[in-house]
Amino acid sequence: MIPRYAPTYTYSDVLRSLSGCLLGDVVDDLRCRLARLYKVKHVFLFGGARVALYALLRAYDRPGGVLGPAYNCWAVPEAVLHAGYSPVFADIDYNSLNMTASTVEQSISPDTTVVLITHQFGIPCDVDEILRVSRRYGILVVEDAAAAIGAKFRGRLVGSFGDATLISFKITKVISGGVGGALLTDNDELAYKVDRLLQAATAPESYCRSLAKTVAWKIATSSWLYPATLFGYRALRGERMFEVVAPPTEIPASFLTPCSRFLAALVLMQLDRLDWNLSRRRRLAQIYREELSGHSGLTLPAVPEDCSPAWTQFPLLVNDKRAFYKHMQRNRIDLSWTHRYSCADSLGLNGFPNTQRAAQTLLGLPTYPSLPDERARYICAVAKEYPSAMR
Ligand SMILES: *Cc1c(COP(=O)(O)O)cnc(C)c1O
């Protein structure tokens, strides 16, 4: 069976991380590496991009509206609420799946203090235009590049445009580690305050827990065990293709966590092969585009001119998501349903038609580097049977 996601690390990476984190100061090494990659002064590592956002908002300390796409990972508005701000949304463009300068401008109010320029699934949004609009209103610009390490907008690394940037090393992102994320900024005052917050953070995830989780992920996504993993996941979570997520009641006690040494070591060694990782993802996306474009019933994402996405998945828009998913499943292919909700729904806000539509029609084709080209071609062959098979 072809899994929807697979970790980008190998068993040998896991072993090397164990020894790596016992020896040198891997957390500082990773901070330096990221600082060099993004040409940024300050890098802080947290237990997730959501935690990095929380710390940044706390440090910025201008509670008000935080504007981001309604079609997004629910962890983002959740972190905004935890930090004492209010999430505000902009609709997306149905083809690019990202916010546009005009949807952003429509949603800015005098109460808006921060805008989150989000590169969904690693597809760069029109950062130039959105930046111009946000600057006009004097709003703090944060780039949510959680899913976009290595993506480029007109030749320049996504995440190097705003006042601060978030990246994530979650299992489903470009470089998978576990719970981990980073905050990048050139702003000394913000950095000073974030540093103070980080000093007061709770302990990072323990070695044993990180190790157990990374190995478990690896085993659970191996093709022989994957059917059982999926069965278990369904039993626990059901197979809801669309839902309204409930807003959080209170902030978890240990929300503000730093990143563990183990995760830092695991990410550090994968940064060495980032170019290979990205070239595999782009190759798979190219196969999907070549094979599937122009095929009725399948809509492919539009990428802005001169941009190289990082493709954490390859989104495909289909009219009957459930029927298409079942069809792929029967042929031993699993797809991602991310995101199957509108964040605006959770807060009872209306007026985001493209978000609603994307949440109901989007499925993600796998793009992890270890997926061979032949598998991607097989996925396309099965996908192309879809309209006739479903009619
Ligand atoms: C995954 C993701 C996040 C959350 O990252 P975590 O590390 O899981 O907290 C935030 N924003 C976007 C766009 C993401 O894809």
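Start by selecting glutamate 291: at 27% relative accessibility it counts as partly exposed, a label for values between buried (under 20%) and exposed (over 50%), using a 1.4 Å probe and protein chains only. This is a predicted model, where local features need pLDDT of at least 70 and side-chain atom pairs count only at pLDDT 80 or more, while totals for chains, interfaces and linings use all residues. Residues are numbered from 1 along each chain as its sequence is written, and side-chain values use heavy atoms, leaving out hydrogens and water.

Lysine 384 lies in helix α15 and glutamate 291 in helix α11 (residues 274–292), so the pair ties together parts that are 93 residues apart in sequence. Helices here are DSSP runs (H or I, at least four residues), numbered from the N terminus.

Next, select arginine 4 and aspartate 334. What do their side chains form? They meet in a salt bridge (2.7 Å, N to O). Arginine 4 lies in the segment before α1 and aspartate 334 in the loop between α12 and α13 (343–346), so this pair ties together parts that are 330 residues apart in sequence. Arginine 4 is buried, at 11% relative accessible area, and aspartate 334 is buried too, at 0%.

For a last stop, select Arg234, Glu239, Arg322 and Lys326, which are linked in a network of salt bridges. The structure holds 21 salt bridges.

Note on methods:
Salt bridge = Lys/Arg side-chain N within 4 Å of Asp/Glu carboxyl O. Helix = DSSP H or I, 4+ residues; strand = E, 2+ residues; numbered from the N terminus.
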